[in-house]
Amino acid sequence: MFSYEKKLQYPVKIKNPNPNLAKIILTQYGGPDGELGASLRYLSQRYSMPFDELKGLLTDIGTEELGHLEMIGAIVHQLTRNLKGNQMKDPAFAPYFVDHTVGVYPASAAGTPWSAATMQVKGDPITDLVENMAAEQKARTTYDNILRISDDPDVNDVIKFLREREVVHFQRFGEAVQLLRDKLNQKNVYYMNPAVDI
Amino acid sequence: MQSKKREIPTGMGKLPAIAPLANPYVPFQMDNPEQYEANLGLVRGTLYPGLDLPFQGMVNKKPLPQSPTSELQALGFAVQELALYLDTHRDDAEALELYRRYQQLLHDKRMEYVRKHGPLSHRDQTAAPEYEWLNDPWPWEYSGNQEV
């Protein structure tokens, strides 16, 4: 089961509201390479994953991603605190504001609601782990792009932390592929699907 | 908790001697890799210098603001990072020992926090007459992350 811990993984303390930037950051809440998709992808892949190391790794990274989702939510929330009338009318933010006010809604920066179509649970361990390696790289690039766009140091400290986590998770998923390969047919790792055939 | 100097540079790892084709390869991180201490690890986003690969040299240098949760966050981060490492390096006895040391420090610091500031989860018992769980601030709020 899951139980809530009443603290963030890394502190989020943003002085200046900036609804424009909030809409950009929101993509890591509910965009195609965001933290919601990451956590659901890994936590859902666990059921068909053979071998205890791989079940454990998906559980531990998937749980950490839920903590990252909360951090992104905190950034978006703090960037839209105490808005003045003219900030609500900002043409980049007004379309979001009219639908969600200052609620945090899982959507991409362009406004597309989060969709499970942005992730996959294939039910084949090599396929799923390679999907996860790609997912970590896509999230890393998104954070790189946020660092190019944002000049708020309070936001960027948190983004740099989250970006580095993608690098570490990529390393662990890469090692997981190798752990898996050691348990498969050494002449042909694609001989069968260990989720179904062993 | 800096480990002793190693012969292999921290940014290097192991690949299999003979690698089958048509497979992605990420080298294994070497056993008992060099670590940052927990506070610096949290600031940098990793406990491992060998995995610390920032974008365009943008690096968090500032120490974290001292809030009631900051020590817990640093120790909790060290435990999480070591857990992910151990998930793929379960036989590394030195890393396991370090993981257990950080678990103990986290446990003690958590008890102290709960005593002073109230519950972190519904499992935490406190002596207060009222139902403290609801007390503001909540973690996503600005005031929940302020310095003291």
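User: In which helix of chain A is the place of A:Q45?

Analyst: The model considered here is a predicted one. In chain A, the helix that covers residues 35–45 includes A:Q45. The element asked for is helix α3.

User: Is A:Q45 buried or exposed?

Analyst: A residue counts as buried if 20 or more other C-beta atoms lie within 10 Å of its own. For A:Q45 there are 26 other C-beta atoms within 10 Å, so A:Q45 is buried.

User: Which residues does A:Q45 touch, not counting those up to four places away in sequence?

Analyst: A:Q45 and A:Q120 are 75 residues apart in sequence, yet their C-alpha atoms are 8.5 Å apart in space. Leaving aside residues up to four places away in sequence, the residues that A:Q45 touches are A:L58, A:V121 and A:D128.

User: How many helices and how many strands does the secondary structure of chain A have?

Analyst: From the N terminus on, the elements run α-α-α-α-α-α-α-α-α. The secondary structure of chain A therefore comes to nine helices and zero strands.

User: How does the span of α8(A) agree with its number of residues, and what is the distance between its end C-alpha atoms?

Analyst: Helix α8(A) has 30 residues, and at 1.5 Å a residue these should span 44 Å. The expected span agrees with the distance between the end C-alpha atoms, which is 44 Å.

User: What is the orientation of α4(A) and α8(A) to each other?

Analyst: The two helices, α4(A) and α8(A), pack with their axes 11 Å apart and at an angle of about 165°. In this pairing, α4(A) passes α8(A) in a left-handed crossing. Residues of α4(A) that meet α8(A) include A:L57, A:I61 and A:M71, and those on the α8(A) side include A:V158 and A:L162. Angles over 145 degrees count as roughly antiparallel, and α4(A) and α8(A) are therefore roughly antiparallel.

User: Which residues have the most contacts inside the largest nonpolar core?

Analyst: This core has 64 residues. Elements of chain A and of chain B give two or more residues to it, among them α4 and α8 of chain A and α2 of chain B. The residues with the most contacts inside the core are A:I25, A:M71, A:I75, A:V76, A:V158, B:A78 and B:L82.

Key
Residues numbered from 1 in each chain as written. Chains lettered and ligands numbered in written order. Predicted model: local features only at pLDDT ≥ 70, side-chain atom pairs only at ≥ 80, totals over all residues. Helix = DSSP H or I, 4+ residues; strand = E, 2+ residues; numbered from the N terminus. Buried ≥ 20, exposed ≤ 12 C-beta atoms within 10 Å, placed from the backbone. Contact = placed C-beta atoms within 7 Å. Core = buried A, V, L, I, M, F, W, Y, C linked by C-beta atoms within 7 Å. Expected span 1.5 Å × (residues − 1). Axes fitted to C-alpha atoms, helices over the stretch in contact; angles between N-to-C directions. Parallel < 35°, antiparallel > 145°, perpendicular 65-115°, else oblique. Left-handed = near helix turned anticlockwise from the far one by under 90°.
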